[in-house]
Structures are given as structure tokens and as C-alpha cells.
Amino acid sequence: MDMMRHDKSDKRTYVTKEGYKQIYKPNHPNARKNGYVPEHTYVATKGGKKGLKKGQVVHHKDGNKLNNDPKNLVIMTRSEHAKLHNRKCKTSRKKYQNIII
């Protein structure tokens, strides 16, 4: 298990080295074999009432991987997600392109 930090309030949660909180919900449609599911997936799928379809991901609007407020999460396709992050990356590159070190 790729554990990094434990949430002391709940023995069944941890944060991955990539910064995503995982929660133990073995009955969730998107749970891995070990029973854990990313918390943002759990929240975005309304507690597992529906699972993510193949090719779907959950995007954090504010970029904070631990802000799993439903208002901060959007379900989209992998393709849409990649385009969104690529666009943000290009904007960032342009913003910092003229800085001389």
C-alpha cells in the first residue's frame, strides 16, 4: 500500500504519496482489491450510488487534492481532463516565459 500520512481520526484512511486521501469503502463500485477508494471519487459518485464509468476521472477545480467538497469536484473523461491540464500548463508556461533568471 502506498501510504504516506495517516488520518489519526480514522484508522481506515490514508493519503497516498501523490497526495490523494483514500478511504475504506469495499462495496464502492470503484474500490480497489484492498477495499480502498479515493475520497474524491467516493464524494463525486455520491457515496457509491453510481460508479465512475470506464474512461472517467474526477477533477479538483481548485487543484487541491485534499479539497473533496462536492462543489470542488467535476466528473469528466480522461481526454477532457488531459486537455484541461495541458491548457493550464501552456498558460503557466506563457506566464513565466519572459522571466530572466
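Student: In this predicted model, where does proline 70 lie?

Tutor: Proline 70 is found in the loop that runs between β5 and β6 (73-77).

Student: Why is proline 70 called exposed?

Tutor: The word exposed is kept for residues with over 50% relative accessible area, and proline 70 has a relative accessibility of 56%, so it counts as exposed.

Student: How far apart are proline 70 and threonine 45 in sequence and in space?

Tutor: The two are separated by 25 residues in sequence, while in space their C-alpha atoms are 9.5 Å apart.

Student: Lysine 46 interests me as well; where does it lie, and what makes it exposed?

Tutor: Lysine 46 sits in the loop between α1 (39-44) and β5 (56-60). Its relative accessible area is 57%, which is set against the cut-off of over 50%, and therefore lysine 46 is exposed.

Student: Which residues gather with Lys46 in a patch of positive charge?

Tutor: On the surface, Lys46 gathers with Lys49, Lys50 and Lys53 in such a patch, and the charge is called positive because Lys counts as positive.

Student: How do you know that glutamate 39 and lysine 21 form a salt bridge?

Tutor: Side chains of opposite charge can pair when their charged atoms come close. For a salt bridge, a side-chain nitrogen of Lys or Arg has to be within 4 Å of a carboxyl oxygen of Asp or Glu. The closest N and O atoms of lysine 21 and glutamate 39 are 3.9 Å apart, so the pair meets the rule and is a salt bridge.

Student: Are glutamate 39 and lysine 21 buried or exposed?

Tutor: Both glutamate 39 and lysine 21 are buried, and that word stands for under 20% relative accessible area.

Student: What makes β2 and β3 a pair of strands?

Tutor: Two strands pair if there are at least two bridges between them, and strand β2 (residues 13-16) and β3 have three bridges in the antiparallel sense, so they pair. In this pairing, valine 15 stands opposite lysine 21. The two strands form a hairpin with four residues between them, and glycine 19 in the turn has a positive phi of about 100 degrees.

Student: How many bridges join β3 and strand β4 (residues 36-38)?

Tutor: They pair over three bridges, again in the antiparallel sense, with isoleucine 23 opposite valine 37 in β4.

Methods
Residues numbered from 1 in each chain as written. Predicted model: local features only at pLDDT ≥ 70, side-chain atom pairs only at ≥ 80, totals over all residues. Heavy atoms only, no water. Patch = residues over 30% accessible without salt bridge, like charges linked within 9 Å, V, L, I, M, F, W, Y side chains within 5 Å. Areas by Shrake-Rupley, 256 points an atom, 1.4 Å probe, with all protein chains shown as cover. Charge placed at Lys NZ, Arg CZ, Asp CG, Glu CD. Buried < 20%, exposed > 50% of the residue type's maximum accessible area, 1.4 Å probe, protein only.
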